[in-house]
Amino acid sequence: MTEILSQADEFRKALEESAPRYGVELGARALTQLRLYYEQVMAWNGRLHLVAPCSPREFATRHVLESLVALPHLARDARVADIGSGAGLPIIPCLIARPRIRATLIESSAKKSVFLREALRLLDEPRAAAATVIVGRFETMPTPEVDFITCRALDRFTQMLPALLSWSPPACTLLLFGGPAIELELERGALRYRAIPMPDSEQRFLFVTRAAPSTT
């Protein structure tokens, strides 16, 4: 536990130092809740392999701050379905930083869904009440009434992308985290998209798109 607390201090320091480079502003409350979230991930990671082993600084930048790159593309009162939530990325950091987001976390692993519910309980009451965890595969569920879909770590993401696009509500915006393979699938589907590069990476992007193919 002492080691986790020491790492949590390093994690918070990395957040504060690196946030401006990602265009992210974090107040004291958000920093505190993100630290609690980090501690929870580390406490569960040995059992569930939520994320690959990484330093506190890498978790702060590659996982949390990269997730928060989505914030400028989410409406203040966004209704979001997060697909393949796993460790809660990107949606839990977004819930912490943007209190009025309402989210449905869809996760196929029952064990990881238990972690997600525990992680959400760490949030203050309004944020926790605005999130629901559903266990199952998205393609077996009715299409939800949401404005946005986020996806960062879906199993077989590239192969599942066409199914995700077909399942998504026609008017919603998709925020997809990935690399060149995801971009290739978007181009194959004749979809208009924006590719926002992640700081310090030539291979990781946030792709902003809609399910409807381009007509031009």
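This is a predicted model: local features need pLDDT of at least 70, side-chain atom pairs count only at pLDDT 80 or more; totals for chains, interfaces and linings use all residues.

Let me start with Glu-66, which lies in helix 3. Is Glu-66 buried or exposed? Its relative accessibility is 3%, so Glu-66 counts as buried. Leaving aside residues up to four places away in sequence, Glu-66 touches Tyr-22, Thr-61, Arg-152, Phe-177, Met-198 and Arg-204.

Staying with helix 3, which spans residues 56-68, we can look at how it packs with helix 2, residues 28-48: the angle is about 110 degrees, and the axes lie 12 Å apart. Helix 2 is therefore roughly perpendicular to helix 3. On the helix 2 side the contact is made by Leu-34, Tyr-37, Tyr-38, Val-41 and Met-42, while helix 3 contributes Pro-56, Phe-59 and Val-64. Of the residues in this contact, eight are nonpolar, with no polar and no charged residues.

Turning now to helix 7, residues 157-167, the buried residues are Phe-157, Met-160, Leu-161, Leu-164, Leu-165 and Trp-167. Viewed down the axis of helix 7, these buried residues fall within an arc of 150 degrees, so they line one face of the helix. The face turned away from that buried side carries Gln-159 and Ser-166, which are exposed.

What do the buried residues of helix 7 pack against? Their partners are strand 1 (79-83), strand 2 (102-107), strand 4 (148-151), strand 5 (173-178) and helix 8 (180-188).

Technical notes. Residues are numbered from 1 along each chain as its sequence is written. Side-chain values use heavy atoms; hydrogens and water are left out. Axes are lines fitted to C-alpha atoms, for helices over the stretch in contact, and angles run from 0 to 180 degrees between N-to-C directions. Helices (H or I, at least four residues) and strands (E, at least two) are DSSP runs, numbered from the N terminus. Angles under 35 degrees count as roughly parallel, over 145 as roughly antiparallel, 65 to 115 as roughly perpendicular and the rest as oblique. Contact means heavy atoms within 4.5 Å. Ala, Val, Leu, Ile, Met, Phe, Trp, Tyr, Cys and Pro count as nonpolar, Asp, Glu, Lys and Arg as charged, and the others, Gly among them, as polar. Buried means under 20% relative accessible area, exposed over 50%, partly exposed in between (1.4 Å probe, protein chains only). The arc is that of the directions from the helix axis to the C-beta atoms.
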